[in-house]
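Let's take a walk through this model, one neighbourhood at a time. Keep the viewer open as you read.

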Amino acid sequence: MQLALPQLQAHLQKGLRSLYTLHGDEALLVQEAADAIRATARAQGYTERSVHVVSGAHFDWSEVLAAGGSLSLFADRQMLEVRIPTGKPGKEGSPMIQQLAQSAEGNDSTLTLFILPKLDNATKKGAWFGALDQFGVTLQVESVERAHLPQWIAQRLKMQNQSVAAGQEGQACLQFFADRVEGNLLAAHQEIQKLGLLYPEGELSLEQVESAVLNVARYDVFKLSEAVLSGQVARVQRMLDGLQAEGEAAVLVHYTLAEDIRALKRVKDAIAEGKPMPMALREQRIWGVREKLFERVLPRLSGSRLAQLLQNAHQVDGIVKGLKVADWPADPWQALQRLALRVASACTAKV
C-alpha cells in the first residue's frame, strides 16, 4: 500500500499497520515521518525498540529475524527498525526481507519499520520491495522542490505561530529565506526554529529575517540543470558561485551543461525528422521534471541556435581542461557562467 507523506497523520489516527517502509533522501522529512510512526506506536504499547543497520554484504540477517520473533519479559509489543543506508539488501537480504514482510501481516506484537534512501525504479520493481509494498505501507518521501520552498517555510513558521507580511513584501521575505536555505532542508528547519527563539509570535519583518537567517544553501549540479533550463538567471549565477565555493569539480558542472545541450539537440533533430516529441523524449530517456522543461523550451530553440550552443560547450570543455580559447574567459568558472547564461537566455527567448 503506497501512501503520500501528507496522508501519514490521518492514516496513523485511523490505526497502525504492522509494517512501514520509508524511502527518500530528505533526511529531515524521513526523520519526522519515522518519529510520527514511533510516537503512535509507543502510545499503543510498543514500548521496546531494536535498531538494525544493514552494512555490507555479510550482514547477519538472522539477528533481524530473531529480533522480530522474540519479545522480552517486560513488553507485550515491540518496534523493529531496519535501516539500509545503501538501499541494497544484497542476495541474502532479499529473501529475508520478503520473509519479514510476510510474517508482519496480522502481527500485532511487532511493528517493523524499514528506512531506505531514495530508490530508483528498477529497485522498486524488485521482489523484496514489492513484498514490503504488498504486506505493509510504503511512503516515498519527496524532497521539497525550490518552487515550493517558500510555501513550505511559511507553513513551518505557522506551526510556531509566526508569519510574514501579506502581499509582495511577505513573498519577498519568503523568497529571500528560500534563497538562503535552498538544498539544505535540515538547516532550513533549524533557521525557522531560531526565528522562534529570537522573536515573539506574530508577524516577522524582512529586516528580522535578513538579520537572523544564515546562508546555509547547498547546491548540486542536477538542480543547476533545472535552473538553467528554466531560465532562472539570478539563481543560475548564485548556484554556480555556491558550487565553486563548495569545491565542486568544474568538469562535472561542464558535463551536466553540455549533456543538456546535447540532449536538446538530439531531440530537436528527431522532431525535425518527423518523430513526435513524446517519442523523441522517451528515446533520449528524458523523464519527470526534465521532460516538462524540455517540452517548454524546445519550441523556443532553433536547430542553428542549439548547434551554436553545442560549439560553445566544446569551447568551454577546452577551457576547463586548461586550454585558451579566443573571446572566452580563461577562468573555467567564468566560462561556465557564460555558457550557462547563454543556455538560460536561449531557453527563455520569445518564440
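**From a buried arginine to the sheet**

Start with a side-chain pair: R38 makes a polar contact with the side chain of E81, at 2.9 Å. A polar contact here is a pair of N or O atoms within 3.5 Å; within protein, one must be able to donate a hydrogen and the other to accept it, and residues adjacent in sequence count only if both atoms are side-chain atoms. Before going on, note that this is a predicted model, in which local features need pLDDT of at least 70 and side-chain atom pairs count only at pLDDT 80 or more, while totals for chains, interfaces and linings use all residues. Side-chain values use heavy atoms, with hydrogens and water left out, and residues are numbered from 1 along each chain as its sequence is written.

R38 belongs to helix α2, residues 27–43. Helices (H or I, at least four residues) and strands (E, at least two) are DSSP runs, numbered from the N terminus. Is R38 buried or exposed? With a relative accessible area of 5%, R38 is buried; the cut-offs are under 20% for buried and over 50% for exposed, with partly exposed in between (1.4 Å probe, protein chains only). Not counting residues up to four places away in sequence, R38 touches Q31, R49, M79, E81, R83, L113 and I115, where contact means heavy atoms within 4.5 Å.

Now for the sheet. Six strands make an open, parallel sheet, ordered β1-β6-β2-β5-β4-β3. The edges are β1 (2–3) and β3 (46–53), each with a single partner strand, so one side of each has no neighbour in the sheet. Strands pair if DSSP finds at least two bridges between them, and β1 and β6 pair in the parallel sense over two bridges. In that pairing, Q2 sits opposite T138 of β6.

G136 is 134 residues from Q2 in sequence, yet their C-alpha atoms are 8.5 Å apart in space. At 0% relative accessibility, G136 counts as buried. Leaving aside neighbours within four places in sequence, G136 is in contact with M1, R17, L19 and A131.

A131 leads us back into α6, where W128, F129, A131, L132, D133 and F135 are buried. The buried residues of α6 pack against β1, β2 (19–23), α4 (90–104), β5 (110–116), α5 (121–124) and β6.

Finally, look at V251, found in helix α13 (residues 250–272). At 48% relative accessibility, V251 counts as partly exposed.
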